[in-house]
Amino acid sequence: MAPQKIILDTDPGVDDVLAVLLALASPELETVAITITFGNTHAPVAYNNLLKIYASLAREVVHDAESLKRFPGLAAGNGGGKKTVLALGADGPVGGEKSVAAYFHGTDGLSNISETHPHFDPPQLPAEGAHEHLEMSKKHASEVILDQLRENEKGSVTIVALGPLSNLALALAADPETFSRVGQVVWMGGALDVPGNTSPVAEFNCFADPYAAHQVMDGVKRGLFRLVMAPLDITTPHTIHFDQLIHTADVNNENNNANGDATTPGKTAGRDGRELTPLREFTSAMLVRVRGLMQSFGLPDEMEMHDPVAVWYAIDNPAAVDVAQAEARGWKTVPRVFAVERTGELTRGMCVVDRRYVLLPLSSLPPFPEPSLILLPPPPE
Ligand code: BDR
Ligand code: CA
């Protein structure tokens with residue numbers, strides 16, 4: 001089967017990096033475009049972080065040519081013949097004040113590795129020079145989203161949104177008809193029956209641009225497209241122990257740098273015997289600070305896989321798959337009724353769930369401003 005075409009809209013962001021790597025490592029997916037939004041950090045910084053991911057992958061391939069097989073998404077279009085388009089997008093919300101998640105992701109969005117590991121910086125591209133794996137578009141991310149939806153068969157593209165929905169809201173407002181060609185939108189965002197992670201009631205991506213979330217939900221309500229949501233309810237319980245993610249060489253070495261033997265790729269094997277490769281060095285360096293933060297919050301020694309869960313859903317469920325088929329594949333989906341709070345002294349970005357829905361037949365309720373949406377509970381082990 002031909003890989004499923006996806007547009008990744010992302011704000012790297014530590015867990016975004018893991019999600020991007022998962023997408024590029026998945027033969028089931030063809031990443032036709034990566035569009036960058038502000039969120040965990042400012043959009044130009046997030047753009048540079050995306051280039052850091054590709055630079056680390058390039059170093060990994062130089063280190064071991066076989067690793068190219070592990071990342072089929074690196075090859076032009078994973079069989080589609082075109083390079084992945086990269087575009088910079090919104091550097092602020094479509095409404096309300098801007099807020100970034102530096103407290104968690106560091107000021108550079110990647111645990112401040114630009115200071116601790118400057119050798120991860122992407123090499124400068126020669127003027128007008130082509131990137132080996134990316135087509136660097138000068139267009140705004142929202143235009144690139146619309147271009148891709150126009151160029152590809154109607155219903156064939158999944159948008160996987162891993163940050164605030166600003167780029168999607170701009171694309172939707174500019175051309176709703178073209179936007180409705182999307183097969184499905186899968187969004188990591190919101191918190192329905194659990195507390196928020198940015199305020200007591202709001203999840204970060206929803207908090208950062210609640211106006212955009214509201215506009216996108218409105219598009220769903222108008223029947224323009226299907227949205228599958230992976231809120232904190234499902235993403236927080238999906239964790240991986242830091243021991244499995246961080247190479248031993250970085251465990252006690254938060255401020256290591258390119259000159260230390262401990263971080264020279266190929267020289268050090270971890271406790272599990274795995275070699276320190278350029279890519280493991282990159283991901284380990286980024287995760288060490290997050291591990292410390294989680295410990296300081298008194299949380300388990302595990303990385304919450306928020307954004308990778310959304311990519312995982314897209315891997316398992318191409319756009320053509322309906323809810324019943326997704327269920328047959330182990331993904332239970334539940335329609336939900338809620339509205340996104342745009343302003344509020346305490347409730348910005350809250351998903352206000354209409355809990356009357358569980359007590360009364362839906363038909364007996366007055367209309368609520370938002371449509372039924374889909375929540376993904378955890379698939380079986
Ligand atoms: C979401 O917010 C960001 O900090 C993460 O990258 C993820 O997209 C989790 O609330
Ligand atoms: Ca994110």
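D11 sits in the loop between β1 (4–10) and α1 (14–24), while D307 belongs to helix α15 (residues 306–316), so the pair ties together parts that are 296 residues apart in sequence. Both D11 and D307 are buried.

Now step back and take in the whole chain. You can trace 17 helices and twelve strands in it. Of its 381 residues, 55% are buried. The chain exposes about 15900 Å², and 55% of that comes from carbon and sulfur atoms. Among contacts with a separation of 6 or more, 80% join residues 24 or more positions apart.

Let us return to helix α1, where A23 has its place. Is A23 buried or exposed? Its relative accessibility is 1%, so A23 counts as buried. Leaving aside neighbours within four places in sequence, A23 is in contact with I6, L8, L29, T31 and V311. Another residue to look for here is P308: its C-alpha is 8.5 Å from that of A23, although 285 residues separate the two in sequence.

With a relative accessible area of 39%, E28 is partly exposed. Beyond its neighbours within four places in sequence, E28 is in contact with P3, Q4 and I315. The C-alpha atoms of E28 and A2 are 7.6 Å apart, and the two residues are separated by 26 positions along the chain.

Next, find helix α6 (residues 141–151). Eight of its eleven residues are buried, so α6 is largely enclosed by the rest of the structure. Which residues of α6 are the buried ones? They are A141, S142, V144, I145, L146, D147, Q148 and L149. Their cover includes β1, β2, β3 (84–88), β5 (157–161), α7 (166–174) and α8 (176–179).

For a pair of packed helices, look at α2 (residues 43–63) and α14 (residues 278–296). Two packed helices are described by the angle between their axes and the distance between the axes. Here the angle is about 145°, and the axes are 7 Å apart. From α2, the contact draws on K52, I53, S56, L57, R59, E60 and H63, and from α14 on P278, L279, R280 and F282. Sorted by class, the contact has five nonpolar, two polar and four charged residues.

Finally, a word about confidence. The mean pLDDT of the chain is 86, and 85% of its residues reach 70 or more. Where should you look with more care? Over residues 251–263, pLDDT stays under 50, and the model has 27 contacts beyond four places in sequence for this stretch. Residues 365–373 also have a pLDDT below 50, and in the model this stretch has 39 contacts beyond near neighbours in sequence. Where pLDDT is low, the predicted coordinates should not be read in detail.

How values were computed:
Residues are numbered from 1 along each chain as its sequence is written. Chains are lettered from A and ligands numbered from 1 in the order in which they are written. This is a predicted model: local features need pLDDT of at least 70, side-chain atom pairs count only at pLDDT 80 or more; totals for chains, interfaces and linings use all residues. Side-chain values use heavy atoms; hydrogens and water are left out. Helices (H or I, at least four residues) and strands (E, at least two) are DSSP runs, numbered from the N terminus. Buried means under 20% relative accessible area, exposed over 50%, partly exposed in between (1.4 Å probe, protein chains only). Contact means heavy atoms within 4.5 Å. Accessible areas come from the Shrake-Rupley method with a 1.4 Å probe; for residues, only the protein chains shown count as cover. pLDDT is the predictor's confidence in each residue, from 0 to 100. Axes are lines fitted to C-alpha atoms, for helices over the stretch in contact, and angles run from 0 to 180 degrees between N-to-C directions. Ala, Val, Leu, Ile, Met, Phe, Trp, Tyr, Cys and Pro count as nonpolar, Asp, Glu, Lys and Arg as charged, and the others, Gly among them, as polar.
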